[in-house]
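Colleague: I would like to go through this model feature by feature, and for each one learn how to read it before looking at the case in hand.

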Amino acid sequence: MSLILRLMILLLTLVPATVTAQEARTSFGSGPTPFLIRSTTDIDIIGPTMARFSELNPELRIDYEQWGSNTLFEQSRADCRGEAPPADAILSSAVQQMVWLVNAACAQPYRSARTEALPPSRRWRDELWGVSTEPAVIAYNTRLLAGVEVPRSRFALLDLLRKRPDLFRNRIATYDISESGLGFLFAYSDSLEATTFGALLEGFARVDAVATCCSAEIISGVAEGRYLIAYNVLGSYVQNANEPDVGMILPEDYTLLLSRGYMIPKQARQARVAARLLDFLLTAEAQALLRQAGLVTALDPAETGLSVSARRTIALSPALLVARDASRRNLLLRFWAETFQRAELP
């Protein structure tokens, strides 16, 4: 190998790989006042709600950036340190990361009649607010799984994996928790339920379950029949996929309930507009729009079959800081890596 070629290879290894910060971007309105919101929520899902806020505030040009949870967290940390211009509002499903940001003094407070009306589990220090209600569900292929085989609980899922390992080999999918802050949050929350967590990891390992990147890939895999079951995916994404061959179950033993966290960064240039958007998201009109988008789920036991005792609300509280503890995080990541194989995108 020539000296020049060796030098070229060395230089390539020293240049960091290009990282795409945001997944998508769009604007609502064309007013003279810019307003930047960064969010993990898909534009297609929250778009009608943002469009309505834009209609009510024609002076704004709302720049909406869609991010992955981990990259949004790192960007928000950098913004908090003053290394880049901050967003005016942040909305993320990885609420353990949002609690960390608030605890690190990266947010500014706000209080109104609407924020004070939120239950304590959806409000912390008047600096973080939950604006949605979304269950983590078991999705399944309705063509390929007969009704008697559809697992209605984690115990039923474990029984299925024990009885029919060949059927489910490489055909159970969930989030890759090293890539997804939301996936990590759900896995951490599951780990607090000692009765099933260890058995689930063991069962997933036995059938070579797949950990992959994102909701869209997982749900399309179920729709196509590459996966028979997807574990712990957000029900809102299942509903919005509008796939006739994908059904979903709210697990009867317990169902995790997430409320996306909204935060106003301490250096936000349009903090008043951010507060106005927060209040709007909590109105009956906006909640109805979010319900149509699948981001607010009605939990009437008569409709869902889910008892009140089976609900596990992921509260916005300092308890979530434990999920960011380095030793606990690394331990969970190691257990997860030993359980799952990494799926290649089609």
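**Reading the features**

Colleague: Is Cys80 buried or exposed?

Modeller: Cys80 is buried, at 17% relative accessible area. The scale runs as follows: buried is under 20% relative accessible area, exposed is over 50%, and partly exposed is in between, with a 1.4 Å probe and protein chains only.

Colleague: What should I know about the model itself?

Modeller: This is a predicted model, in which local features need pLDDT of at least 70 and side-chain atom pairs count only at pLDDT 80 or more, while totals for chains, interfaces and linings use all residues. Residues are numbered from 1 along each chain as its sequence is written, and side-chain values use heavy atoms, with hydrogens and water left out.

Colleague: How many disulfides does the structure hold?

Modeller: A disulfide is a pair of cysteine sulfur atoms within 2.5 Å, and the structure holds 2. In one, the sulfur atoms of Cys80 and Cys106 are 2.1 Å apart. That link is left-handed, with -90 degrees about the S-S bond. Cys80 lies in helix α3 (residues 69–80) and Cys106 in the loop between α4 (95–103) and α5 (113–116), so the pair ties together parts that are 26 residues apart in sequence. Helices (H or I, at least four residues) and strands (E, at least two) are DSSP runs, numbered from the N terminus. Cys106 is also buried, at 6% relative accessibility.

Colleague: Which residue does a disulfide join to Cys213?

Modeller: Cys213 is joined to Cys214, S to S 2.3 Å. Cys213 is partly exposed, with a relative accessible area of 31%, and Cys214 counts as partly exposed at 31% relative accessibility. With bonded cysteines counted along the chain, the pattern is 1-2, 3-4.

Colleague: At what angle do the axes of α4 and α8 cross?

Modeller: Axes are lines fitted to C-alpha atoms, for helices over the stretch in contact, and angles run from 0 to 180 degrees between N-to-C directions. Here α4 and helix α8 (residues 181–191) come within 8 Å and cross at roughly 100 degrees. The two are therefore roughly perpendicular to each other; the classes are roughly parallel under 35 degrees, roughly antiparallel over 145, roughly perpendicular from 65 to 115, and oblique for the rest.

Colleague: Which residues of α4 and α8 meet?

Modeller: Contact means heavy atoms within 4.5 Å. Val95, Gln96 and Gln97 of α4 meet Gly181, Phe184 and Leu185 of α8. By class, this contact has 3 nonpolar, 3 polar and no charged residues. Nonpolar covers Ala, Val, Leu, Ile, Met, Phe, Trp, Tyr, Cys and Pro; charged covers Asp, Glu, Lys and Arg; the others, Gly among them, are polar.

Colleague: Which residues touch the most other members of the largest nonpolar core?

Modeller: In soluble globular proteins, nonpolar side chains tend to be buried together. A nonpolar core is a set of buried Ala, Val, Leu, Ile, Met, Phe, Trp, Tyr and Cys residues joined through side-chain atoms within 4.5 Å. The largest one has 110 residues, of which Phe35, Phe186, Phe204, Tyr262 and Leu277 touch the most other members. Its largest share, 8 residues, comes from helix α12 (residues 271–281). Beyond neighbours within four places in sequence, Phe204 is in contact with residues including Leu157, Ile172 and Phe340.

Colleague: Where does Asn242 lie?

Modeller: Asn242 lies in the loop between α11 (235–241) and β11 (246–249). Its phi is near 55 degrees, a positive value in a residue other than glycine. Asn242 counts as exposed, at 65% relative accessibility.
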